[in-house]
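Welcome! Take a look at the structure below, then try the exercises one step at a time.

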Amino acid sequence: MRPFEIWRDPATKVTFYFSHSDETLTTGVMVIPAGAELPKHNRPKAFENLVQVSGKCLMKVFDDDDKATDHILDVGDTLRMEKGQFHIHSNPYVEPSYTLFKAEGDITEVVKVVRETFERVE
């Protein structure tokens, strides 16, 4: 048995390594290739906690008026987003970005969509 489920977004080539997922907690690592960006999204039922473990990541976090604040995550930096807060993960840099994520709450619908639409990596 593999310790991680690995899924790659066919459009952006972002890869997700899920180590655990249930209705209360989902953990794993997200790898964003150089120049890639995920679409704007939120987690209505979960807090999202990030730790940058390698490379850099540019997080665009939106307030209630849809105004973005940029957060550059260097190795060791953390970011916590509230339930429902819209954001964009991006990597405008030259090396891949590795971000540890922990969603406190239910993101099982998100994981289900990933399993249905992304490519499984063996």
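**Exercise 1.** In which strand does Tyr 98 lie?

*Solution.* Tyr 98 belongs to strand β9, where strands (E, at least two residues) and helices (H or I, at least four) are DSSP runs numbered from the N terminus. This is a predicted model: local features need pLDDT of at least 70, side-chain atom pairs count only at pLDDT 80 or more, and totals for chains, interfaces and linings use all residues. Residues are numbered from 1 along each chain as its sequence is written, and side-chain values use heavy atoms, leaving out hydrogens and water.

**Exercise 2.** Which residue forms a salt bridge with Glu 5?

*Solution.* Look for a side-chain nitrogen of Lys or Arg within 4 Å of a carboxyl oxygen of Asp or Glu, which defines a salt bridge. The partner is Arg 115, and the closest N and O atoms are 2.5 Å apart. Glu 5 lies in strand β1 (residues 5-8) and Arg 115 in helix α1, so this pair ties together parts 110 residues apart in sequence. Next, check accessibility: Glu 5 is partly exposed at 21%, and Arg 115 is partly exposed at 40%.

**Exercise 3.** Where do Arg 80 and Glu 104 lie?

*Solution.* First, their side chains meet in a salt bridge (2.6 Å, N to O). Arg 80 is in strand β7 (residues 78-81) and Glu 104 in strand β9, so the pair joins parts 24 residues apart in sequence.

Terms used:
Buried means under 20% relative accessible area, exposed over 50%, partly exposed in between (1.4 Å probe, protein chains only).
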